[in-house]
Amino acid sequence: MLGLGILQPSATFRESLEAVRELGPTAAAEMITRHKVRRIARQRVGAALATASESDVALLQRFDAEVARLGAPRETRGTDLDAQVAAFRSRTSNLPVRLMKGLGVRSWYPAGQRRDIGDADLWVPDMDSGLRIASMLRDLGFTYEPGEMPWLKRDMNGTLLGQFRMQHPAPDQVDVDIHIGPYSVRYCGLIEFSRSRENEVWTPLADEDNFCAVIGNAAGDCFIEAKAINDVVLAASRQLDFGYVVETLRQAGLTGFLNTVVDRIQEVCDLRDDQRATLRRLRTDDAPEDVPLAAADDDIRRTGLVTAHTRRVAESMTGDAAAAERIARNAEHAYGSPRSFRLRTSGGQPHRLPDMNPWTCVRLAPQPLIRRIANRHERVPVQGRHTKLAENLELIEVEDGDLLRFRDDVFLPTVDYLFCSKLVVAEPKAGTHEASE
């Protein structure tokens, strides 16, 4: 059935149509939507309607209507996507912003074929640039996505990296993901976009780096969508430096996953000889991961994959097998246990910002969000030491713990979603920076 959304399917249209009939149009539309290939599927269905039998027309029309219904929210937010991105650029044209993932690879698609794009992924090489982009979006009315709060890490050199996911209350405004520095995958894998650290601005990542971003995104999900299948097949027709791609993904511990992607493509795609030859160049001796062609979470499988991946990558980073095992156990706990907001009302040590590294993800919980959740609306003025972490990001150390401030936005940093009630209501006073990093 996924053949309706795959650009070069091995299944015939008739076989895909029979799968839709067997599943039912609603379930089939849900699968196409989860695999993020609804535009290609709708185009293929529309072309088939002119010659289909009466019974097939009825089935195809029901299926198409369901795909349209399920995709309507995304289509609404994607309205005038290019105009929205152009507006962002007009305000920050001097910043080293690159278009990432969907915004970057859509130019690979042949004329008449449109790639589904869920949000606008932007990449910048450094934290100061990322915060300036976030500042611009805040001025435009964007807020922080409560289901995916901003986060920070440091790489092994101590450089800050992170992600700010922003959303707008207007239904026609696309969500924006700002990716800062190396692209973090799973618990501690890092993809370096070395080919894209040039002076170009507001252009797509280098094709090789965008390919790595597509693979990294799928690896983080721990399943393979039809959308990623299409991206990789199209990349196999381009003149990319696949030696660079393999080495970049090897450093992130993702060559086993890449082997799995190649396996799945060969299972479901009708490939040309040149594409097969290219995919062979992507293969390594690493064992493929047990990752399905699916678009549904499997928490047990995902936890196992992430834990094993963390163990390999952490040992490579630290050179210490015992430390890598401790980090892997932390990954297993983080991915295998549900995370819920918890409030500490008394006792305990001050809630300090932890030492950051590639495997310690510090979430930045907006203080107003935690106040609402905790039903604590009072504000208590506090004085503390102010330290610059980046040009527009400061650490505020008060008696009961640490806060982070970006412009007028105050955040509670957390790793385990535990918050000190005194920090929830703290209202930091302006201070003088005593140190900078």
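Here is a short chat about helix packing, cores and one serine in a predicted model.

Biologist: Hi! How do the axes of H8 and H9 cross?

Modeller: This is a predicted model, to start with. In it, the axes of helix H8 (residues 207–221) and helix H9 (residues 226–235) come within 10 Å and cross at roughly 155°.

Biologist: Are H8 and H9 roughly parallel or roughly antiparallel, then?

Modeller: Roughly antiparallel, because angles over 145 degrees count that way.

Biologist: And is the crossing of H8 and H9 left-handed or right-handed?

Modeller: The crossing is left-handed.

Biologist: Which residues in H8 and H9 meet?

Modeller: On the H8 side you'll find Phe211, Val214 and Ile215, and they meet Ala228, Asp231, Val232 and Ala235 in H9. By class, that contact has six nonpolar residues, one charged and no polar ones.

Biologist: Switching to the largest nonpolar core: which residues have the most contacts inside it?

Modeller: Those are Phe63, Ile191, Phe211, Ile265 and Leu282, in a core of 76 residues. Phe211 also belongs to the H8 side of the helix contact.

Biologist: What does Phe63 touch?

Modeller: Setting aside residues up to four places away in sequence, Phe63 touches Leu4, Val20, Pro25, Ala28, Ala29, Ile32 and Val45. Another core, of 39 residues, lies apart from the largest one, and includes Leu131, Ala134, Tyr144 and Leu152.

Biologist: New topic: is Ser135 buried or exposed?

Modeller: Ser135 counts as buried, because its relative accessibility is 16% and the cut-off is under 20%. Ser135 sits in helix H7 (residues 127–139).

Biologist: What is Ser135 in contact with, leaving aside neighbours within four places in sequence?

Modeller: Phe406 and Arg407 are in contact with Ser135.

Definitions and conventions. Residues are numbered from 1 along each chain as its sequence is written. This is a predicted model: local features need pLDDT of at least 70, side-chain atom pairs count only at pLDDT 80 or more; totals for chains, interfaces and linings use all residues. Side-chain values use heavy atoms; hydrogens and water are left out. Helices (H or I, at least four residues) and strands (E, at least two) are DSSP runs, numbered from the N terminus. Buried means under 20% relative accessible area, exposed over 50%, partly exposed in between (1.4 Å probe, protein chains only). Contact means heavy atoms within 4.5 Å. Axes are lines fitted to C-alpha atoms, for helices over the stretch in contact, and angles run from 0 to 180 degrees between N-to-C directions. Angles under 35 degrees count as roughly parallel, over 145 as roughly antiparallel, 65 to 115 as roughly perpendicular and the rest as oblique. A crossing is left-handed if the near helix is turned anticlockwise from the far one by less than a right angle, and right-handed if clockwise. Ala, Val, Leu, Ile, Met, Phe, Trp, Tyr, Cys and Pro count as nonpolar, Asp, Glu, Lys and Arg as charged, and the others, Gly among them, as polar. A nonpolar core is a set of buried Ala, Val, Leu, Ile, Met, Phe, Trp, Tyr and Cys residues joined through side-chain atoms within 4.5 Å.
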